[in-house]
Amino acid sequence: MVALINHASGNGGFLTKAIVYSQYGSPDVLEITDISKPIPNERQVLFCVVASAVNTADVRTRY
């Protein structure tokens, strides 16, 4: 799951745009959806990803 952008919802909370998948497959299984902003408990952390990358080894593992 990859978070894209935070925005206010109608009920005063925050939603996060995310690219999600529920089954393995081609890029056609990816969907853009709104999810509620996760709230970590005392044994979890929440962090913001500023940048990410895909290298050749990732692509070879995928296919």
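These notebook entries record what I looked up in one structure.

**Entry 1: confidence**

I began by noting that the model is predicted. The mean pLDDT of the chain is 77, and 76% of its residues reach 70 or more. I then asked which element of the chain has the lowest mean pLDDT and which the highest. Strand β1, residues 2-8, has the lowest at 51, whereas β3 has the highest at 87. Where pLDDT is low, the predicted coordinates should not be read in detail.

**Entry 2: strands β2 and β3**

I next looked up how β2 and β3 are arranged. Strand β2 covers residues 14-20 and pairs with β3 in the antiparallel sense, over six bridges. For Leu15, I found that the bridge partner in β3 is Ser36. I also checked how far β3 is covered. Of the six residues in β3, the count of buried ones is zero, and I noted the strand as hardly covered.

**Entry 3: the salt bridge**

How many salt bridges does a search of the whole structure find? The search finds one. The side chains of Lys17 and Asp34 meet in this salt bridge, with 3.4 Å from N to O. Lys17 belongs to strand β2 and Asp34 to strand β3, so the pair ties together parts that are 17 residues apart in sequence. As background, I wrote down that side chains of opposite charge can pair when their charged atoms come close. I then looked up the accessibility of both partners. Lys17 is partly exposed, because its relative accessible area is 30%, and buried would mean under 20%. Asp34 also counts as partly exposed, at 36% relative accessibility.

**Entry 4: the loop between β3 and α1**

I turned to the loop that runs between β3 (31-36) and α1 (56-62), where Val49 lies. Is Val49 buried or exposed? Val49 counts as exposed, because its relative accessibility is 55% and the cut-off for exposed is over 50%. Val49 also forms a nonpolar patch on the surface with Val45 and Phe47. Together, these three residues have about 370 Å² of accessible area.

Asn55 has its place in the loop between β3 and α1 as well. At 45% relative accessibility, Asn55 counts as partly exposed. I asked what the side chain of Asn55 reaches. The answer is the backbone nitrogen of Ala57, at 3.0 Å.

Conventions: Residues numbered from 1 in each chain as written. Predicted model: local features only at pLDDT ≥ 70, side-chain atom pairs only at ≥ 80, totals over all residues. Heavy atoms only, no water. Patch = residues over 30% accessible without salt bridge, like charges linked within 9 Å, V, L, I, M, F, W, Y side chains within 5 Å. Areas by Shrake-Rupley, 256 points an atom, 1.4 Å probe, with all protein chains shown as cover. Salt bridge = Lys/Arg side-chain N within 4 Å of Asp/Glu carboxyl O. Helix = DSSP H or I, 4+ residues; strand = E, 2+ residues; numbered from the N terminus. Buried < 20%, exposed > 50% of the residue type's maximum accessible area, 1.4 Å probe, protein only. Pairing = 2+ DSSP bridges. pLDDT = per-residue confidence, 0-100. Polar contact = N/O pair within 3.5 Å; in protein donor to acceptor, adjacent residues only side chain to side chain.
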